[in-house]
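Please open the structure in a viewer and keep the sequence at hand.

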Amino acid sequence: MALADPTRRRIVEMLGEGALAAGEITARFKVSAPAISQHLKALKAAGLVTVEVSGQRRIYRLDPEGLDAFEAWVRQVRGFWNASLDRLERELGKPEESEGDTR
């Protein structure tokens, strides 16, 4: 998953404040430009960012459609876990049967 990496999450947070050139993004990290390029490539492949070429610069922006798809996925997973946790809570709330009970 593209957002499993903390650097990618930070890039998404930065782009949440507005579009940035690749060089501007790279300048905010202590890792190499090729490493940031790979993170941006992963975010683009996941549909979370778009890139616009302007001369020598590559301008990155969040992709609202990709973010909507991610949000829908989170809701789906959350719904699954909420239902599972509700079932677990009901199971844990049942009275315990004693081992010697032969009724």
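Begin by selecting Glu-52 and Arg-61, whose side chains meet in a salt bridge, with 3.0 Å from N to O. Glu-52 is partly exposed, at 38% relative accessibility, and Arg-61 is likewise partly exposed, at 36%. Please bear in mind throughout that this is a predicted model.

**The whole chain**

Next, display the entire chain as a cartoon. Its secondary structure consists of four helices and three strands, and reading along the sequence gives the pattern α-β-α-α-β-β-α. The C-alpha atoms fill a box of roughly 80 × 30 × 20 Å along the principal axes. The radius of gyration is 22 Å, whereas a compact globule of 103 residues would have one near 13 Å. Buried residues account for 23% of the 103 residues.

**The nonpolar core**

Now select Ile-11, Leu-15, Ile-25, Phe-29, Leu-40, Leu-43 and Tyr-60. Within the largest nonpolar core, which has 15 residues, these touch the most other members. Helices α1 (6–16) and α3 (33–45) each supply at least two residues of this core, and the largest share, four residues, comes from α1. In soluble globular proteins, nonpolar side chains tend to be buried together.

Centre the view on Ile-25. Which residues does Ile-25 touch, not counting those up to four places away in sequence? They are Ile-11, Met-14, Leu-15, Leu-20, Ile-36, Leu-40 and Tyr-60.

**Thr-26 and helix α2**

Select Thr-26, in helix α2 (residues 22–27). Is Thr-26 buried or exposed? Thr-26 counts as buried because its relative accessible area is 19%, under the 20% limit. Apart from neighbours within four places in sequence, Thr-26 is in contact with Ala-33 and Ile-36.

Move to His-39, which is located in helix α3. His-39 is buried, with a relative accessible area of 13%. Leaving aside neighbours within four places in sequence, the contacts of His-39 are Asp-5, Thr-7, Arg-8 and Ile-11.

Ser-37 also lies in helix α3, but Ser-37 is partly exposed, with a relative accessible area of 39%.

Side chains of opposite charge can pair when their charged atoms come close. Besides the pair that opened the tour, select Glu-13 and Arg-10, whose side chains meet at 3.4 Å, N to O. Glu-13 and Arg-10 are separated by about one helical turn because they stand three residues apart in helix α1. Both are partly exposed: Glu-13 has 48% relative accessibility and Arg-10 has 35%.

Then select Glu-71 and Arg-75, which form a salt bridge with the closest N and O atoms 3.5 Å apart. These two residues lie in helix α4, four residues apart, about one turn of the helix. Glu-71 is partly exposed, with a relative accessible area of 44%.

**The nonpolar surface patch**

Finally, select Phe-80, Trp-81, Leu-85, Leu-88 and Leu-92. Together they form a nonpolar patch on the surface, with about 580 Å² of accessible area. Leu-85 belongs to helix α4 (residues 64–93) and is partly exposed, its relative accessible area being 46%.

Terms used
Residues are numbered from 1 along each chain as its sequence is written. This is a predicted model: local features need pLDDT of at least 70, side-chain atom pairs count only at pLDDT 80 or more; totals for chains, interfaces and linings use all residues. Side-chain values use heavy atoms; hydrogens and water are left out. Patches are made of residues with over 30% relative accessible area and no salt bridge: like charges are joined within 9 Å, nonpolar side chains (Val, Leu, Ile, Met, Phe, Trp, Tyr) within 5 Å. Accessible areas come from the Shrake-Rupley method with a 1.4 Å probe; for residues, only the protein chains shown count as cover. A salt bridge is a side-chain nitrogen of Lys or Arg within 4 Å of a carboxyl oxygen of Asp or Glu. Buried means under 20% relative accessible area, exposed over 50%, partly exposed in between (1.4 Å probe, protein chains only). Contact means heavy atoms within 4.5 Å. The radius of gyration is taken over C-alpha atoms; the globule rule is 2.2 Å times the number of residues to the power 0.38. A nonpolar core is a set of buried Ala, Val, Leu, Ile, Met, Phe, Trp, Tyr and Cys residues joined through side-chain atoms within 4.5 Å.
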